[in-house]
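Please look over the structure shown here, and let the paragraphs that follow lead you through it, beginning with a single residue and moving on to a sheet and a pair of helices.

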Amino acid sequence: MTTTTRVTDLYPTRGATEVVTPRQDPVVWGSPDTPGPVSAGDLQALDRDGFLAVDQLIGPDEVEVYKRELDRLVGDPAIRADERSIVEPKSQEIRSVFEVHKISEVFARLVRDERVVGRARQILGSDVYVHQSRINVKPGFGASGFYWHSDFETWHAEDGLPNMRTISVSIALTENYDTNGGLMIMPGSHKTFLGCAGATPKDNYKKSLQMQDAGTPSDEALTKMASEYGIKLFTGKAGSATWFDCNCMHGSGDNITPYPRSNVFIVFNSVENAAVDPFAAPIRRPEFIGARDFTPVR
């Protein structure tokens, strides 16, 4: 299913200069009375901070199932040769495998798990589809990090998501220490959209999936945001999860420890926020990165 509809651009970006736009959309779209696995207090915290940490979303036995499947996929030469696999520029080791819920029935079941998709439906107030899924592999001894960015800035500019009605979950399959390149978020940054300077090159995704360039905030903007919001580093045991709003300013550092950091990352978008034409890119990204199949998760 595709669309060429144009809608009003609420969040201008990729122009001559950086532009700051107050958030035009709710964070929590569901009614406070909507039943679901997220408590009213946690929904309030998500609205305030832009993220929600869950100490144990899946149990130890389940972690082992998903970890074995991750190892199987990373070790499969056919998967490595697939365009959906992204490799580290220096080591040439697999960094990410995209569209993993279509490659693997094991991860497809995780996407359909009510502990996962039920939270997404409750937060977004509608049926949801998978805008993006991937496994991330961050082995020890030099796996590179990912620079500060807002996912929505890219998904809006290059995939055509009109509104901030998208939620991500990162489920840890290895322990996240404070030293092995964990996720960092600026709490409260999701309430302000930072439109970045600079045009989007054609096929930008081929470079940006290894290292962010287009859509990167300036040092001045990041310094101001960090001073205002602070920075929270997420740690946790395997099986823990971090839910975060699409517009959170976030990033991660290199992993120079011996301890790997692997996770499965799922992006749920509301079916009422289906992608249109890109707002600031010459062509849209491939469907394995930004889905055009808006079928609800069942």
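Tyr 205 has a relative accessibility of 14% and therefore counts as buried, the cut-off being under 20%; like everything that follows, this value was computed from a predicted model. Tyr 205 lies in helix 8, which covers residues 205–208, and, its neighbours within four places in sequence left aside, it is in contact with Glu 158, Arg 285, Pro 286, Phe 288 and Ile 289. Gly 236, by contrast, is 31 residues from Tyr 205 in sequence and 30 Å from it in space, taken from C-alpha to C-alpha.

Turning to the sheet, we find seven strands in the order 2-11-7-13-5-4-3, forming an open sheet with antiparallel pairing. Strand 2 (51–54) and strand 3 (85–87) each have a single partner strand and stand at the edges, so one side of each has no neighbour in the sheet. On average, and with direction ignored, neighbouring strands of this sheet are turned by 15 degrees against each other. Within it, strand 7 (residues 166–172) pairs with strand 11 (residues 241–245) in the antiparallel sense over five bridges, and Ser 170 stands opposite Thr 242 in strand 11. Helix 1 (residues 40–49) packs on the sheet, where it touches strand 2 and strand 7, and its direction makes about 135 degrees with that of strand 2.

Elsewhere, helix 2 (residues 60–74) packs with helix 5 (residues 105–112) at an angle of about 135 degrees, their axes being 9 Å apart, which means that helix 2 is oblique to helix 5. Val 65, Tyr 66, Glu 69, Leu 70 and Leu 73 of helix 2 make the contact with Val 106, Phe 107 and Leu 110 of helix 5; by class, this contact has seven nonpolar, no polar and one charged residues.

Key:
Residues are numbered from 1 along each chain as its sequence is written. This is a predicted model: local features need pLDDT of at least 70, side-chain atom pairs count only at pLDDT 80 or more; totals for chains, interfaces and linings use all residues. Side-chain values use heavy atoms; hydrogens and water are left out. Axes are lines fitted to C-alpha atoms, for helices over the stretch in contact, and angles run from 0 to 180 degrees between N-to-C directions. Helices (H or I, at least four residues) and strands (E, at least two) are DSSP runs, numbered from the N terminus. Angles under 35 degrees count as roughly parallel, over 145 as roughly antiparallel, 65 to 115 as roughly perpendicular and the rest as oblique. Contact means heavy atoms within 4.5 Å. Ala, Val, Leu, Ile, Met, Phe, Trp, Tyr, Cys and Pro count as nonpolar, Asp, Glu, Lys and Arg as charged, and the others, Gly among them, as polar. Buried means under 20% relative accessible area, exposed over 50%, partly exposed in between (1.4 Å probe, protein chains only). Two strands pair if DSSP finds at least two bridges between them.
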